[in-house]
Amino acid sequence: MKPKSTFRGVVLRHAPAPLRSSGLNAPARAGAGARVRVGREVAGRAGKGVSVITGLPLEPAALEALATRLKKLCGAGGAVKNGVIEIQGDHRARLVEELLKLGYEAKQAGG
């Protein structure tokens, strides 16, 4: 059985490596099953919530550029970790709206 990585009793999931793509505004293979999800997580962050964007099929450089654009839109800090964009605070609705404008099929995950 595969060992589970835990942090304070919470099982940690690692995001899969991002798919390769060319360009920031052009989603790779639009409609080819790329599920962009925007959720909220607080686990392992001392109760501070962050908006987490997963499933973006972009190269690391394009992911960084998109993260910078989204951070400016929300007026908040954030980071790119393991192919996942994290924006400080709960900005799910605003992020989904912006990703839809950019041509990604984004959905809000969670409550």
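Modeller: Throughout, contact means heavy atoms within 4.5 Å. This is a predicted model, in which local features need pLDDT of at least 70 and side-chain atom pairs count only at pLDDT 80 or more, while totals for chains, interfaces and linings use all residues. Residues are numbered from 1 along each chain as its sequence is written, and side-chain values use heavy atoms, with hydrogens and water left out.

Colleague: Which pattern does the protein follow when read along the sequence?

Modeller: Helices (H or I, at least four residues) and strands (E, at least two) are DSSP runs, numbered from the N terminus. On that basis the secondary structure comes to 2 helices and 7 strands, and along the sequence these follow the pattern β-β-β-β-α-β-β-α-β.

Colleague: In what order do the 5 strands of the open sheet lie?

Modeller: Two strands pair if DSSP finds at least two bridges between them, and strand 5 with strand 6 (residues 84-88), for example, pairs in the antiparallel sense over 4 bridges. The edge strands, each pairing on one side only, are strand 5 (78-81) and strand 7 (106-108). The pairing in the open sheet is mixed, and its 5 strands have the order 5-6-4-3-7.

Colleague: Which residue in strand 6 stands opposite Gly78?

Modeller: Strand 5 and strand 6 are antiparallel partners. Opposite Gly78, the residue in strand 6 is Ile87.

Colleague: Is Ser51 buried or exposed, and what is its relative accessible area?

Modeller: Ser51 is found in strand 4, and leaving aside its neighbours within four places in sequence, its contacts include Gly39, Ile85, Ile87 and Leu95. Buried means under 20% relative accessible area, exposed over 50%, and partly exposed in between (1.4 Å probe, protein chains only). Ser51 therefore counts as buried, because its relative accessible area is 0%.

Colleague: Which backbone nitrogen does the side chain of Ser51 reach?

Modeller: Leaving aside neighbours within four places in sequence, Asp90, His91 and Arg92 are among the residues in contact with Ser51. At 2.9 Å, its side chain reaches the backbone nitrogen of His91.

Key:
Polar contact = N/O pair within 3.5 Å; in protein donor to acceptor, adjacent residues only side chain to side chain.
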